[in-house]
Amino acid sequence: MIKSTISKTLLGAEYDKDNHCVNFRLFSKNATAVLLCIFDKPQGEDAILTLKMQKDGDIWKTSVKDYVLNVQNRPIFYGFRVFGANWEYDEKFELGSDIGFKAIVDENSNRFNPNKIAYDPYSKELSHTAGEVNSALNMFHSGGKYYLLDNAKWAIKSVFYLDDEVEIVPVEKRAFKDEIIGEVHLKDLTQNLSMAEKGTYLGAAKFAKTIKRLGISMIEFLPLNEFDSKQNGTNHWGYMPLDYFSLARKYAYDKTYGNSIKEFRKMINEFHENDIKVCLDMVYNHTGEAGLIKHNVEDATQLSYSLIDNSSYYKTYKNGYYRSNSGCGNDFNIQNPAVMDLIVDSLTYWANQGVDAFRFDLAAALLECSTNCDEVYDSVNSFAAQLKDRLEKNNVKVVDDFNQAQEGIILIAEPWTCGGKNCYQLGNFPYFWAEWNDVCRDTIRKSTIRENEVTPFMLKDLIEGTYSRFKNPDKAVNYIASHDGFTLYDLNSFDHKSLSTSGGSDWEICSSYDNDQSKRENAIKKQLALLFLSSGVPMIQIGDIILHTKNGNNNSYNKDDNTNYLNWYKATNKNTFENRIMEYTRNLIKFRNAHDIFTSPDFKNSLTYYYNNGEIADIDNRGYWDNVLDLFFGFTINLQNNRRIFVATVKSNKEYGFSLPKNNEGLAWYKCLDTSDYHNIDFEMKDYIEKMYVLNPHALAIFMER
């Protein structure tokens, strides 16, 4: 069993049962004075207690007896007022005044402002979000008339409460190579279901058995850290984290303070009891604060990190502007030792709550080594390279061999950022990192949509785990579609994104197939087959299994509605296209799981490639491998007992006949699948094939020997 402990950290608020007090610890290298403010309520009142903290190196400390706080019976709310070089501490300082003020931002990018309450970066829960009290966020701005506004009555507070340890059921050890990952937004998963707990941690827990029936062995949730859903109008996905230790309380069924983590643990337990691992999407490349207002360097949204130590927590230029390779207004200063500690401590905390894996958003930021705003990527000396050792010093094991059943968490990188030099780092992460494989994504899409751009070598590379990028194909997390961009259905139903999309990329590889439903279904089944026949760990959006459509919206981050909520009704109706694809995908996963060779390190060595005449393809024949005009691609996979699987696909506009490879002695070929056959989705070996087979245009077929 796993003990869900509130990890002991150097920083944050922790209860000292021996001395009957709460210890408060805050990092700020550049602060010159820090005041701890205790509040009786989350909003509407001034502090009931203000204490000056003492500095010990870069750490500010104080302790408060529990009888003063009454923490045995209730949560308490707290925050900090922080002074520094741009706003010097003065004993005469009064709230709402400019006593000690030097500059809103100085030449060293300090943005201290004691008129603003900063919540603790190590908070286990936040009292509320800024958007809940002021959608314009004016009282959290640093510029104009607002820099003197004391925002204590409305500011986000840290919440401290006593928490009990509970036991968390572990998942039996298995190799990462054997996982089937299902990506989903927690609320979207159950919001359209008729259950009281829909859209919550408990709702997701109730749905665990259904997830298991789909064939998913690891569920990957979009960010669950607290975020402001009213930021910039609407924020649904949660990729603007406010705090890395707290959960989004909006997903709790019972929103009482201290209850989110309890429901989260129940959810973890339920998934684990169904042998499903849980992966959290973590966003460490930027935070949900500190964006400049209308590019005005003196006007920023300040909630926590920038008030506590702006130049330590963020990448800043000498003119006070934030670097924003994340495309989200700021870049977290991951090279700073305190930021590294925060990341390690937060990952440790979630691992101790039973989380099995972490996907890192725009993770190329973790490969950076420069302490300024330059882009210097290094897979050997970067924080990404140090992370395994640093976590293991916290007693958190990290899986470093994806072919073995090891104890420990999985680290998964999105190996790029949105901007900056050399920001695309696919294949460059240290050996213990898995990586999202967008080469797989693009090749699979092109295999039906831009076939004139696909060579036999590109398909070979795909099947073998993208060896062109990965030394070890077990590092590759293969996918066709993710939360970013079109859904699987939409990329096969639209020629371009919807005009109603907010932002969204125009690069999508997509097609409507002239609204030909048979072409669409064949394409989707072919794409899914290529995904699950390829070496690497398959990832699929759970919504794609039931063909969820967003009606052409390829950037639905701001849609807290049926654009994102999954519609399970159609998929459960056996007379629908959606149900047929769901059952097809389940059977495809079963087919993959039934043959260990697909996840074996020897998979590449089991492959033999063939021309359309049934003869073995010459590996040195570049006229074939690099030819975008060649219409045929086929290969066998050697199984035990001298049997083989044969896969063939064509990109012909007409029916295409080809010869199957000569059978091993005493065996014959039987068809398991033809993607153009809409009734055969169960992969049963029904039809004997003698020597030749004719594929319909653009189809894929699977044969087995027996």
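This is a predicted model: local features need pLDDT of at least 70, side-chain atom pairs count only at pLDDT 80 or more; totals for chains, interfaces and linings use all residues.

Q: OK, where is Pro415 found?
A: In the loop between strand 17 (410-413) and strand 18 (433-437). Strands (E, at least two residues) and helices (H or I, at least four) are DSSP runs, numbered from the N terminus.

Q: And what is Pro415 in contact with?
A: Leaving aside neighbours within four places in sequence, Pro415 contacts Ala364, Cys423, Tyr424, Gln425, Leu426, Phe429, Glu435 and Trp436. Contact means heavy atoms within 4.5 Å.

Q: Switching to cores. How many residues has the largest nonpolar core?
A: It has 178, and Phe24 and Phe264 have the most contacts inside it. Helix 8 (residues 337-351) gives the most to this core, with ten residues. By nonpolar core I mean a set of buried Ala, Val, Leu, Ile, Met, Phe, Trp, Tyr and Cys residues joined through side-chain atoms within 4.5 Å.

Q: What does Phe24 touch?
A: Not counting residues up to four places away in sequence, its contacts include Leu36, Ile38, Met53, Trp60, Val64, Leu69, Ile76 and Tyr78. There's also a second, separate core of 17 residues, with Leu362, Ala434, Val537 and Met539 among them.

Q: Which strand pairs with strand 3?
A: Strand 3 (residues 21-27) pairs with strand 7 (residues 59-65), antiparallel, over seven bridges. Two strands pair if DSSP finds at least two bridges between them. Phe27 has Ile59 in strand 7 as its bridge partner.

Q: What about strand 6?
A: Strand 6 (residues 54-56) also pairs antiparallel with strand 7, over three bridges, and there Asp56 is the bridge partner of Ile59. The hairpin of strand 6 and strand 7 has two residues between the strands, and Gly57 takes a positive phi near 70°.

Q: Now aromatics. How many aromatic pairs does a search of the whole structure find?
A: 58. Rings of Phe, Tyr and Trp (its six-membered ring) pair if their centres lie within 6.5 Å; planes under 30 degrees apart are stacked, over 60 edge-to-face, and the rest tilted.

Q: Why does the pair of Tyr313 and Phe332 count as stacked?
A: Their ring centres are 6.1 Å apart and their planes are at 15°, so the pair is stacked. Tyr313 is in helix 7 (residues 305-313) and Phe332 in the loop between helix 7 and helix 8, 19 residues apart. Tyr313 is buried at 2% relative accessibility, and Phe332 is buried at 3%.

Q: And Phe633 with Phe635?
A: That pair is tilted, because the centres are 5.7 Å apart and the planes at 50°. Phe633 is buried at 3% relative accessibility, and Phe635 is buried at 1%.

Q: Back to helix 7: how many of its residues are buried?
A: Eight of its nine, so the helix is mostly covered. What covers the buried residues includes strand 3, strand 8 (76-84) and helix 8.

Q: Last one: in what order do the six strands of the open sheet run?
A: 21-22-23-28-25-26, with antiparallel pairing. Strand 21 (607-610) and strand 26 (687-689) stand at the edges with a single partner strand each, so one side of each has no neighbour in the sheet. Four bridges join strand 21 to strand 22 (residues 632-638), and Tyr609 stands opposite Phe635 in strand 22.

Definitions and conventions: Residues are numbered from 1 along each chain as its sequence is written. Side-chain values use heavy atoms; hydrogens and water are left out. Buried means under 20% relative accessible area, exposed over 50%, partly exposed in between (1.4 Å probe, protein chains only).
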